[in-house]
Amino acid sequence: NEAGDTATGNHATQATAASQPKIVSAGSLVVDAGNAAMQFDATAAFLTADSLASDFSGTNKASSAFIKYGDMADTATFEQFYSFSNSSAVGSIGAGEMILCLSRGNTSSRPLAYFIDDGPDRVLEFSSTSSLGANKLLTLVGDRSSDSLFSNGSATTISDLDSTSGALTFDQFSIGVARRGAALSNYFSGKMSEFIIYDTDQ
């Protein structure tokens, strides 16, 4: 199972059948709003592209992510759209990790948050759950010192909890899960019909 850009050869893959997101369910193509999609199951499904991780390492490294998502399970735990991490930073969310995570009703009151953790956290969060919902395009653009989140092209009201960022070194890149070394957690539950990420904010 893989998803990628045939022009650049940048592919996210999953060789383990039990951990592959579904593209067919009960004999029918998985779709979201009429578009082909991948179904993530909240328990095992994820993709990786570790060869791209180093492209996003550095200090105040610019990036742009575009995620079209559909059906989502209501949840009280964080769910990762994607995560960059360092395999030596294992355990709980910690040093050397960048995560865009989805959550509904979690105890930290962060309906949707973007983390950069290099000691002090840099966190951007939506002010309300109104930014969540099915069939939306989520966009994150910034350079870790100035970042913006958009929902369906409209800038969201966010709370910048910590503006500190620094040098981060990544050797893991995952879609649909938080991965720290061999540890896996916070699986995404729902459909993604498009995921694009660039190492630029232009």
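The chain contains zero helices and 23 strands, where helices (H or I, at least four residues) and strands (E, at least two) are DSSP runs numbered from the N terminus. This is a predicted model, in which local features need pLDDT of at least 70 and side-chain atom pairs count only at pLDDT 80 or more, while totals for chains, interfaces and linings use all residues. Residues are numbered from 1 along each chain as its sequence is written, and side-chain values use heavy atoms, with hydrogens and water left out.

Of its 202 residues, 47% count as buried; buried means under 20% relative accessible area, exposed over 50%, and partly exposed in between (1.4 Å probe, protein chains only). The accessible surface comes to about 8700 Å², and carbon and sulfur atoms account for 49% of this surface. These areas come from the Shrake-Rupley method with a 1.4 Å probe, and for residues only the protein chains shown count as cover. Where contacts (heavy atoms within 4.5 Å) link residues at least 6 apart in sequence, 67% of them join residues at least 24 apart.

Confidence is described by pLDDT, the predictor's confidence in each residue, from 0 to 100. The mean pLDDT of the chain is 75, with 62% of residues at 70 or more. Among the elements, the lowest mean, 53, belongs to strand E1 (residues 2–5), and the highest, 96, to strand E8 (residues 47–48). Over residues 107–111 the pLDDT is below 50, although this stretch has 16 contacts in the model beyond near neighbours in sequence.

The interior comes next. In soluble globular proteins, nonpolar side chains tend to be buried together. Here, the largest nonpolar core has 25 residues, of which Phe81, Tyr82, Phe84 and Phe173 touch the most other members. Such a core is a set of buried Ala, Val, Leu, Ile, Met, Phe, Trp, Tyr and Cys residues joined through side-chain atoms within 4.5 Å. Two or more residues of this core come from each of E7, strand E10 (63–72), E11, strand E15 (136–142), strand E20 (172–175) and strand E23 (189–198).

The side chain of Ser85 makes a polar contact with that of Gln172, at 3.0 Å. A polar contact is a pair of N or O atoms within 3.5 Å; within protein, one must be able to donate a hydrogen and the other to accept it, and residues adjacent in sequence count only if both atoms are side-chain atoms. The partner of the Arg180 side chain in a polar contact is the side chain of Ser185, at 2.9 Å.

Several loop residues complete the picture. Ala26 sits in the loop between strand E3 (24–25) and strand E4 (28–29) and is exposed, with a relative accessible area of 84%. Its phi is near 50°, a positive value in a residue other than glycine. Ala42 has a positive phi as well, near 75°; Ala42 lies in the loop between strand E7 (38–41) and E8 and is partly exposed, at 32% relative accessible area. Thr16, in the loop between strand E2 (10–13) and E3, is partly exposed at 44%. The C-alpha atoms of Thr16 and Leu47 are separated by 9.9 Å, with the two residues 31 apart along the chain.
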